[in-house]
Amino acid sequence: MSILTPEPPQRFDTQVIGPVCVDINIDAEGRASQVVGGAAICAAAAAASLGHEVEAVVSLAKEDTGMLSRLPAPVRHVVAVTSEQTSSIRNVYATADQERRVSTALAQADPISARDIPSHTVSVRHLAGLMVGDYTPDIVEELSARGPLAVDMQGFIRQRDPATGELRFRHLVAGQEFYNRIRFLKVDTAEGEHLTGRSDHHEIARALRDLGACEIMVSNAAEILILDDDGFHACPLRPRSLAGRTGRGDTVFSAYITERASHPVDDALLTACATVSLKMETPGPLNCERADVEDYLSRFYADIRDGAGCQSVLEGVSHGN
């Protein structure tokens, strides 16, 4: 483990944990691009661009640590966890809206364990994994004991086919003891359907609440849905381009959980949706300032910001404890 920033602050708003990934993206017309990213880098960049104090704990091969010098400028605090190799995924998109893709793992970094992660004062720890094997099996239990934990479920259900490398969903054997440890849980619609057997995103969120998670995010191409103690909250996505579709879920989840620490659900969700809409216009992790997100909000979300706010359907929702 190498701490690349010698003087960390007294506390962090978020600690994002996961592998660096070399993404090779091929669009529906066969055009290929390569970026240094991955869920952890996209998540760290989103929170940092909003002005939050972020520590990125990332795994990669020792010979690839030079990649970290190319991270977005707002990501200033990085801990490198040495691995035999650096993760790499090829995403082949089948449709212009980039909602259908085949993802193949070309390489995977070694698992990150709790002892790799500095015990700083952190508002929320964010497990931003890519596939099964990115973390040691006890990571959720150990990190949840340190404080609030956010989990993107793709890192726990996407598994590399040993023959082809293709990433497919695996059956997750986890009960309430696992879900009860999660303060914020995120799935996209496909992941949610796999976990719950439901296809409607409201029903997916309800089922995950019943399993024990506290606050649920379900993402899709049109909107982001949140379910908390008060009920459902939804906000649309309004990107002008899908050139930067890869990293959508990582960006919106990170923006939401960091904003949520000091804002009501609807306000945090609105900022997160503007943040990810802006990010989706450019390949790679978000690299901007909060003022750029505020400008996007003013230009493309004025009707929501100045009107009734994000659509909220308030209803009593029992927690599945």
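Let's start inside helix α1, where Ala 39, Ala 40, Ile 41, Cys 42, Ala 43, Ala 44, Ala 45, Ala 46, Ala 47, Ala 48 and Ser 49 are buried; buried means under 20% relative accessible area, exposed over 50% and partly exposed in between, with a 1.4 Å probe and protein chains only. This is a predicted model, in which local features need pLDDT of at least 70, side-chain atom pairs count only at pLDDT 80 or more, and totals for chains, interfaces and linings use all residues. Residues are numbered from 1 along each chain as its sequence is written, and side-chain values use heavy atoms, leaving out hydrogens and water.

Helices (H or I, at least four residues) and strands (E, at least two) are DSSP runs, numbered from the N terminus. Because 11 of the 11 residues of α1 are buried, this helix is largely enclosed by the rest of the structure. Following α1 comes Gly 51, with a positive phi near 95°.

**Helix packing**

Axes are lines fitted to C-alpha atoms, for helices over the stretch in contact, and angles run from 0 to 180 degrees between N-to-C directions.

| Helix pair | Axis distance | Angle |
|---|---|---|
| α1 (residues 39–49) and α7 (residues 248–260) | within 8 Å | roughly 45° |
| α7 and α8 (residues 265–279) | 8 Å | about 150° |

α1 and α7 are therefore oblique to each other; angles under 35 degrees count as roughly parallel, over 145 as roughly antiparallel, 65 to 115 as roughly perpendicular and the rest as oblique. On the α1 side, Ala 39, Cys 42, Ala 43, Ala 46 and Ala 47 meet Asp 250, Thr 251, Ser 254 and Thr 258 of α7, contact meaning heavy atoms within 4.5 Å. By class, that contact has 5 nonpolar, 3 polar and 1 charged residues. Here Ala, Val, Leu, Ile, Met, Phe, Trp, Tyr, Cys and Pro count as nonpolar, Asp, Glu, Lys and Arg as charged, and the others, Gly among them, as polar.

**A buried strand**

Now for strand β14 (residues 215–219): 5 of its 5 residues are buried, so β14 is largely enclosed by the rest of the structure. Glu 215, Met 217 and Ser 219 cover one side, with Ile 216 and Val 218 on the other.

β14 runs parallel to β13 (residues 184–188), joined by 5 bridges, and antiparallel to β15 (residues 223–228), joined by 4 bridges; strands pair if DSSP finds at least two bridges between them. Ser 219 is the bridge partner of Asp 188 and also stands opposite Ile 224 in β15. A hairpin is formed by β14 and β15, with 3 residues between them.
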